[in-house]
Amino acid sequence: MGQSITKYKYTRRISKFNQMTITLKYFGLLADITQLKEEQFTFDEDTISVSALKSKIENNYNNIQNITYTISVNQVISSLQTTIKDQDIVAFLPPFAGG
Amino acid sequence: MRYSRQIILPEIGEMGQQKLQDARVLVIGAGGLGCPVLQNLAAAGVGTIGIVDGDVVDETNLHRQLLYTLKDCGKSKAGIAKRAILELNPEINVTAFSEFFNGDNAAKIVQGYQIIVDCTDAIPVRYLINDVSAAKRIPMVYASIHKFEGQVSVFNYKNGPSYRCLFPEQEGLNAVPSCAESGVLGVLPNTLGTFQATEVLKIILGIGEILSGKLLIYGALHFQTQIISFVKNPKAVEKGFINGTLLLNSKRTNEDLTPEAFLEKCKQSGIVIIDVRELEETPEFKRNNVVRIPLSGLEDYGKKLDKNQEIVLFCQTGKRSQIALNYLIKSGFVGVFNLAKGIESLKNQIQ
């Protein structure tokens with residue numbers, strides 16, 4: 001994954017196509033489901049809305065849609081309309097229950 | 001003298017120690033988070049501490065709940081925790097509430113406290129604590145854990161954002177496991193509880209920057225912390241405030257109904273009567289406002305209802321409707337009634 005990102009960053013400079021790469025971070029139950037702490041995504045778009053990203057992720061991983069979570073973009077809690085740009089860091093944050 | 005090492009700090013001093021002495025803090029949940037919170041607040045000299053927990057000590061708690069020992073197993077956590085922190089510091093006042101915090105006892109318990117520390121392990125009660133805290137305009141110091149990770153924040157602090165601003169909907173929250181189901185590294189709640197105690201002391205002393213509008217996420221495995229900020233959502237805050245105010249002000253009438261009282265209640269307009277039996281069970285109780293929602297479907301159905309909606313529950317013998325009543329109250333409903341002995345007790349009344 002990391003390698004392809006590096007490659008992409010290089011091609012981006014010389015490419016006329018618009019692309020964006022973002023980092024997704026998963027917490028709690030969402031990390032359990034995705035089996036990942038974080039991953040990177042590249043899209044052939046300039047920007048993507050939080051709601052569009054949410055649908056893409058929910059398509060990628062079954063069971064995520066059954067979980068309540070909040071999404072932050074660059075460490076600020078977002079709304080579904082928030083726009084995500086190239087190099088943004090997006091975190092998927094479920095409430096924890098344990099005490 | 002006991003507090004000299006903190007009084008020597010210019011940020012605290014004799015005046016700060018007096019503030020601690022005068023402070024009244026309610027700790028809800030005396031488990032993994034509650035134990036370190038209680039130990040630290042007692043040690044620091046917080047003058048009045050309330051402990052709420054309806055549970056008893058279990059051997060599986062001992063790897064993380066350091067106030068308890070093997071010989072405490074089977075005994076009330078609130079009671080044992082009270083004894084343990086009084087041994088640590090006999091100069092403070094401690095009240096133990098050996099009951100689970102719920103809509104029925106909330107008003108009685110929170111009376112007189114200035115800060116609530118949420119050390120619970122269930123999401124519905126967290127909304128309840130938030131709403132009570134919002135209505136009383138006192139801060140709620142929150143933490144929660146999952147395996148090797150934890151979250152900390154302070155809600156309703158000086159009119160700041162609430163828990164509902166961060167996690168607005170209750171839908172699907174049954175999917176979130178507690179420690180018993182998912183496991184937890186014993187040291188983790190101790191770390192997070194100590195963070196909570198730190199915020200409590202800062203709030204009392206009026207020093208530093210409080211985690212209001214900020215969610216601290218701590219990951220023990222990779223030693224990562226990050227702070228996510230969030231803003232106040234006035235509608236979410238208001239929802240909690242209204243729920244909490246209704247709860248605290250209502251002469252709560254969640255209660256068991258006799259057959260006569262049940263039939264009388266059913267005539268009341270605007271009421272929803274829920275038959276929580278399975279769909280094939282008889283006899284049928286026919287009224288316009290009766291819906292048949294078996295217990296398994298109640299969670300989904302409850303989400304569609306306003307928390308102030310008055311609800312009458314019944315089943316065959318009163319057992320399932322009691323479970324349903326407890327669930328709805330925990331979810332924040334304020335007017336729930338239950339036909340105590342079930343539809344069997346109605347036999348003489350219905351034709």
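Let me start with where the two chains meet: 35 residues of chain B are in contact with 19 residues of chain A, and two residues are in contact if their C-beta atoms, placed from the backbone, lie within 7 Å. On the side of chain B that touches chain A, at least two residues each come from β5 (140–146), β6 (149–155), α8 (179–182) and β8 (224–229) of chain B, and β8(B) gives the most, with four residues. These element names follow a rule: helices (H or I, at least four residues) and strands (E, at least two) are DSSP runs, numbered from the N terminus. Sorted by class, that side of chain B has 18 nonpolar, 13 polar and four charged residues, where Ala, Val, Leu, Ile, Met, Phe, Trp, Tyr, Cys and Pro count as nonpolar, Asp, Glu, Lys and Arg as charged, and the others, Gly among them, as polar.

Please keep in mind that this is a predicted model, in which local features need pLDDT of at least 70 and side-chain atom pairs count only at pLDDT 80 or more, while totals for chains, interfaces and linings use all residues. Residues are numbered from 1 along each chain as its sequence is written, and chains are lettered from A and ligands numbered from 1 in the order in which they are written.

Now to the chains one by one. Chain A has three helices and seven strands, and along its sequence they follow the pattern α-β-α-β-β-α-β-β-β-β. Of its 99 residues, 28% are buried; a residue is buried if 20 or more other C-beta atoms lie within 10 Å of its own, exposed if 12 or fewer, and partly exposed in between, with C-beta atoms placed from the backbone. Among the contacts in chain A between residues at least 6 apart in sequence, 58% join residues at least 24 apart.

Chain B has 13 helices and 13 strands. Its radius of gyration is 22 Å, close to the 20 Å that the globule rule gives for 351 residues, so chain B is as compact as a globular protein of that length; the radius is taken over C-alpha atoms, and the rule is 2.2 Å times the number of residues to the power 0.38. Along the principal axes, the C-alpha atoms of chain B fill a box of roughly 80 × 45 × 40 Å, and 46% of the 351 residues count as buried. Of the contacts in chain B with a separation of 6 or more, 69% are between residues 24 or more positions apart.

Let us turn to one helix of chain B, α3(B), which spans residues 34–44. How many of its 11 residues are buried? Nine are, so to speak, under cover, among them Cys35(B), Val37(B) and Leu41(B). After the helix comes Gly45(B), whose phi is positive, near 90°.

What does this helix pack against? Two packed helices are described by the angle between their axes and the distance between the axes. With α9(B), the angle is about 40° and the axes are 7 Å apart; axes are lines fitted to C-alpha atoms, for helices over the stretch in contact, and angles run from 0 to 180 degrees between N-to-C directions. The two helices are therefore oblique to each other, since angles under 35 degrees count as roughly parallel, over 145 as roughly antiparallel, 65 to 115 as roughly perpendicular and the rest as oblique. The contact of α3(B) with α9(B) has eight nonpolar, six polar and no charged residues, including Pro36(B) in α3(B) and Val200(B) in α9(B).With α4(B), residues 77–88, the axes of α3(B) come within 9 Å and cross at roughly 35°. The contact is made by Leu38(B), Gln39(B), Ala42(B) and Ala43(B) of α3(B) together with Ala81(B), Ile85(B) and Leu88(B) of α4(B), and these residues divide into six nonpolar, one polar and no charged.

A second pair in chain B is α6(B), residues 123–136, with α10(B), residues 234–249, whose axes come within 7 Å and cross at roughly 85°. α6(B) and α10(B) are therefore roughly perpendicular to each other, and their contact has seven nonpolar, five polar and one charged residues.

Is Ile207(B) buried or partly exposed? Ile207(B) is partly exposed, because 13 other C-beta atoms lie within 10 Å. Apart from neighbours within four places in sequence, Ile207(B) is in contact with Glu11(B) and Lys202(B).
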